[in-house]
Amino acid sequence: MKTFTLTRAVQAALIAAAVGGASAAAMADIKDYKFELVDQTVQAGPDKIIAVRLVNTKTGKPVPDAAIFATRLDMTPDGMTEMVTKIAPMPSGEPGTYKFKASFGMAGRWQLSLGAKVQGETGTVENKFVITAQK
């Protein structure tokens, strides 16, 4: 009887360790994700494409299927926060790359602000970039 109880206790401990170890390895922190700007310059004018990559900083792998819910493009870096332009999502053929179409009404420095939710993670990935629009 004692051997049976001891065996079951050892099995339960092994199962708990395996489940606990797997869940700890699978858990990531929202701080482990970041956007990267593909190109830091564009030509000023209408309908320009901006591309960003969302990557897991621990693995270096792209993160597909994030829900990007916050986008803003303005001229804050040049002291013109009120100079805002519309930004629209575009299809991207590359997993983890997200594209947007925007009109850069004038040359200068524009700030792109993004917010996204990563599937299976709690919290929000937020990044801000400076894009230079050239004549």
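The sheet, then. In this predicted model, 4 strands make up an open sheet, and they run in the order β1-β3-β7-β6. The pairing is antiparallel. At the edges you have β1, residues 33-37, and β6, residues 87-90. Each of those has a single partner strand, so one side of each is left without a neighbour in the sheet. From one strand to the next, the twist averages 30°.

Strand β3 covers residues 45-56 and strand β7 covers residues 97-104. How many bridges join β3 and β7? There are 7, in the antiparallel sense.

Ala 88 is found in strand β6. Apart from its neighbours within four places in sequence, Ala 88 is in contact with Lys 99, Phe 100 and Lys 101. Ala 88 and Lys 99 are 11 residues apart along the chain, and their C-alpha atoms are separated by 8.5 Å.

What is the relative accessible area of Ala 88? The value is 32%. Buried would need under 20% and exposed over 50%, so Ala 88 counts as partly exposed.

Last, confidence. The mean pLDDT of the protein is 87, with 79% of its residues at 70 or more. One stretch to flag is residues 16-25, where pLDDT stays under 50. For that stretch the model has 0 contacts beyond four places in sequence.

Conventions
Residues numbered from 1 in each chain as written. Predicted model: local features only at pLDDT ≥ 70, side-chain atom pairs only at ≥ 80, totals over all residues. Heavy atoms only, no water. Pairing = 2+ DSSP bridges. Helix = DSSP H or I, 4+ residues; strand = E, 2+ residues; numbered from the N terminus. Axes fitted to C-alpha atoms, helices over the stretch in contact; angles between N-to-C directions. pLDDT = per-residue confidence, 0-100. Contact = heavy atoms within 4.5 Å. Buried < 20%, exposed > 50% of the residue type's maximum accessible area, 1.4 Å probe, protein only.
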